[in-house]
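I opened this model to look up a few things and kept short notes.

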Amino acid sequence: MVKVNIVFGTVYGSAQFVAETVYEKLIEQGYDAKLWQPEELVDYTPAANQQLIVISSTTGQGDLPDGLVPWFEMVRSTGLYLPDLHFSVIGLGDSSYETYCGAGEQLQSLFEEIGAQAVKELFRIDACETMEPELEALNWLDEWTKSVIA
Ligand SMILES: Cc1cc2nc3c(=O)[nH]c(=O)nc-3n(C[C@H](O)[C@H](O)[C@H](O)COP(=O)(O)O)c2cc1C
């Protein structure tokens with residue numbers, strides 16, 4: 001089974017809960033998944049031939065949660081070029097903000113810039129629409145699984 005790295009950025013815990021839910025489901029399905037805690041991210045540089053799922057809320061005005069910023073800057077500044085990295089981004093946000101899912105957009109752009117392949121378009125989960133973002137993420141994961149196997 002493919003190696004799947006899961007990275008999350010959260011302020012109030014929702015994105016972390018979504019990441020834990022996705023991680024548990026992947027383990028149940030037999031994937032070799034790793035859920036990276038923010039403090040471990042100094043040791044994680046994305047590599048080729050892996051799957052990466054980044055799950056992040058947006059804070060401020062379209063900003064990344066603080067815990068994700070050093071890793072984001074590291075990926076951006078290291079000069080990585082990873083055409084064989086497969087990535088997907090789940091953005092948690094609130095559509096009442098002008099900068100709806102701004103952090104998710106930044107992450108999607110970052111991985112496109114380093115040449116990685118998007119398994120799926122940015123998937124947005126709107127706090128105005130659901131109180132259970134993990135259920136949206138599990139539905140998304142069903143589709144992700146089909147794309148990865150196909
Ligand atoms: C101070 C603050 C600023 C926010 N800024 C944005 C924003 O710019 N864009 C957006 O889409 N959502 C924004 N949100 C909404 C959060 O991203 C959303 O509620 C998300 O589900 C929180 O997830 P978390 O618990 O993982 O932090 C903001 C929320 C707060 C409290």
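**Entry 1: the ring cluster.** I looked up the aromatic rings and found a cluster in which ring pairs link W36, Y44, W71, F87 and F111. I note that this is a predicted model. I counted the pairs next: the structure holds 6 aromatic pairs.

I took Y44 and W71 as one of them; the two rings are stacked. Their centres lie 6.0 Å apart, with 15 degrees between the planes. The planes are under 30 degrees apart, so the label "stacked" applies. I then checked where the partners sit. Y44 is in the loop between β2 (32-36) and β3, and W71 is in helix α2. The pair links distant parts of the chain, 27 residues apart.

Buried or exposed, I asked of Y44? Y44 counts as buried, at 4% relative accessibility. W71 is also buried, with a relative accessible area of 3%.

W71 has a further partner, F111. The ring centres of W71 and F111 are 5.9 Å apart and the planes stand at 40 degrees, so I logged this pair as tilted. W71 belongs to helix α2 and F111 to helix α3, so the pair ties together parts 40 residues apart in sequence. Both residues are buried.

**Entry 2: helix α2.** Which residues of α2 (residues 69-77) are buried? I found W71, F72 and V75. Looking down the axis of α2, I saw the buried residues fall within an arc of 100 degrees, so they line one face of the helix. I wrote a reminder beside this: an α-helix has 3.6 residues a turn, so residues three or four places apart point the same way.

I turned to the face away from the buried side. The exposed residues P70 and S77 are carried there. Then I asked what covers the buried residues of α2. The cover includes β1 (3-9), β3 (51-57) and α3 (102-113). I also looked past the helix: α2 is followed by G79, whose phi is positive, near 75 degrees.

**Entry 3: the largest pocket.** I looked up the volume of the largest pocket and got about 450 Å³. The pocket is lined by 25 residues, and the closest to its centre are S57, T58, L92, G93 and A127. Which elements give two or more residues to the lining? I listed α1 (14-28), β4 (86-93) and β6 (123-126). Last, I sorted the lining by type: 11 residues are nonpolar, 12 polar and 2 charged.

Note on methods. Residues numbered from 1 in each chain as written. Predicted model: local features only at pLDDT ≥ 70, side-chain atom pairs only at ≥ 80, totals over all residues. Heavy atoms only, no water. 1 Å grid on protein atoms, 1.4 Å probe; cavity = no way out; pocket = protein on both sides within 12 Å on 5 of 7 lines; lining within 4 Å. Points joined across faces, edges and corners; volume = space filled by probe spheres on them. Helix = DSSP H or I, 4+ residues; strand = E, 2+ residues; numbered from the N terminus. Nonpolar A, V, L, I, M, F, W, Y, C, P; charged D, E, K, R; others polar. Buried < 20%, exposed > 50% of the residue type's maximum accessible area, 1.4 Å probe, protein only. Arc of directions from axis to C-beta. Contact = heavy atoms within 4.5 Å. Phe/Tyr/Trp six-rings, centres within 6.5 Å; stacked < 30°, edge-to-face > 60°.
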